[in-house]
Amino acid sequence: MKEDLVIVHTHFHKRRTGVTRSIENVMPYLKEMSNTYLYGYGIEGSKLTKSQFKEILFSDKKVVVHCHRNNEIIKVLWYRLLGAKFKLVTTRHAETTPSSLTKFLLKKSDEVITLTSSMHKKLGLKNTIVSHGVKTDLFQPQKDVKIKDVLQSNIILCAGRVREAKGQKVLLEALAPMLGGFGDWALVVVGKVDKPDFLQELKKIVDEYGVEKQVYFINETTDIVSYYQVSKILVTPSFSEGFSLVCVEGMSCGNTVIATKNVGVHSELITEGETGYLFDSGDVNGLATIVNKILLGDFSELGKNARKEVLTNWSAKKEAKELLTVYKK
């Protein structure tokens, strides 16, 4: 039986991000439990028109509007000034200290959601932790998946925006010197490049060690699931993350994940040596040691354990139930 609530998730952002995917992941499960809609652009799914949105806001229904960015909060607060009555829920997606404007807008929200324990403690405002989840029936291990133009049978994947904060330079400095000794392994870096100069820095490292035939740079793709499924190892070497949805997606697909300690949700998600491996951000030698030991068979591949952890604690269905609890408060 559906809840007597109308829930609207807003999304006003042209570029697809982890925030976009997190909303898309949880929407089907929220729709099963309540009347749930999207309002905005830049996201997949059936969306309300402006007039439909206004009709809901000014109705006598129990309405929850869930925002994810400052521009969205400002838009819906305008309707509140005009007399619309609804519950405003906002998710804070960044680990950084919020600006004065962001704090002001969060205080205008009826409920604030954070994604990790560290974010919960640092925010300085009353908030509830509801971590992102993934569609475990979509992000699941799959045999016989192939991706175009990668010749090697074993793949190490790094997925996400290609920029300095994501740590790809650390990854190349750690792996390029060893890849030549493992000819059946490839490193595949998938993501949109923010600055071409940074990509050239990465390619220079590849050229220096002569492993051009084992390192692939792939532009942002909508078929990221196939890349997880074909990979054995996922490395998330980022220096900062709001959450790190990539890490959960990779684990859900059965990857052995190597991630930076105390960045985003990594240290909450991964139990060292049981569901994945952790290293200090920026530690080239630490990362190289872990990868080398896995390739040599000295460290276990932990993909099956990782998948179990996600099924138990990090599914989008679980996230939807926790969100509904916040909406109903």
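## Basis of the model

This is a predicted model, in which local features need pLDDT of at least 70 and side-chain atom pairs count only at pLDDT 80 or more, while totals for chains, interfaces and linings use all residues. Residues are numbered from 1 along each chain as its sequence is written, and side-chain values use heavy atoms, with hydrogens and water left out.

Because Glu 111 lies in strand β5 (residues 111–114) and Lys 329 in the segment after α13, the pair ties together parts that are 218 residues apart in sequence. A search of the whole structure finds 12 salt bridges, each defined as a side-chain nitrogen of Lys or Arg within 4 Å of a carboxyl oxygen of Asp or Glu.

## Overall form

The protein chain has 13 helices and 12 strands, taken as DSSP runs numbered from the N terminus (H or I, at least four residues, for helices; E, at least two, for strands). Its radius of gyration is 21 Å, close to the 20 Å that the globule rule gives for 329 residues, so the chain is as compact as a globular protein of that length; the radius is taken over C-alpha atoms, and the rule is 2.2 Å times the number of residues to the power 0.38. Along its principal axes the C-alpha trace spans about 65 × 40 × 35 Å.

The structure holds 1 cavity of 30 Å³ or more, where a cavity is a set of points on a 1 Å grid over the protein atoms alone at which a 1.4 Å probe fits but cannot get out, and lining residues have an atom within 4 Å of a point. The largest cavity has a volume of about 60 Å³, this being the space filled by probe spheres set on the points, which are joined across faces, edges and corners.

The largest cavity is lined by 14 residues, of which His 66, His 68, His 132, Glu 319 and Leu 323 lie nearest its centre. The elements that give two or more residues to this lining are α1 (18–33) and α13 (316–328), and α1 gives the most, with 3 residues.

Technical notes: On a 1 Å grid over the protein atoms alone, a cavity is a set of points where a 1.4 Å probe fits but cannot get out, and a pocket is an open set with protein on both sides within 12 Å along at least five of seven lines; lining residues have an atom within 4 Å of a point.
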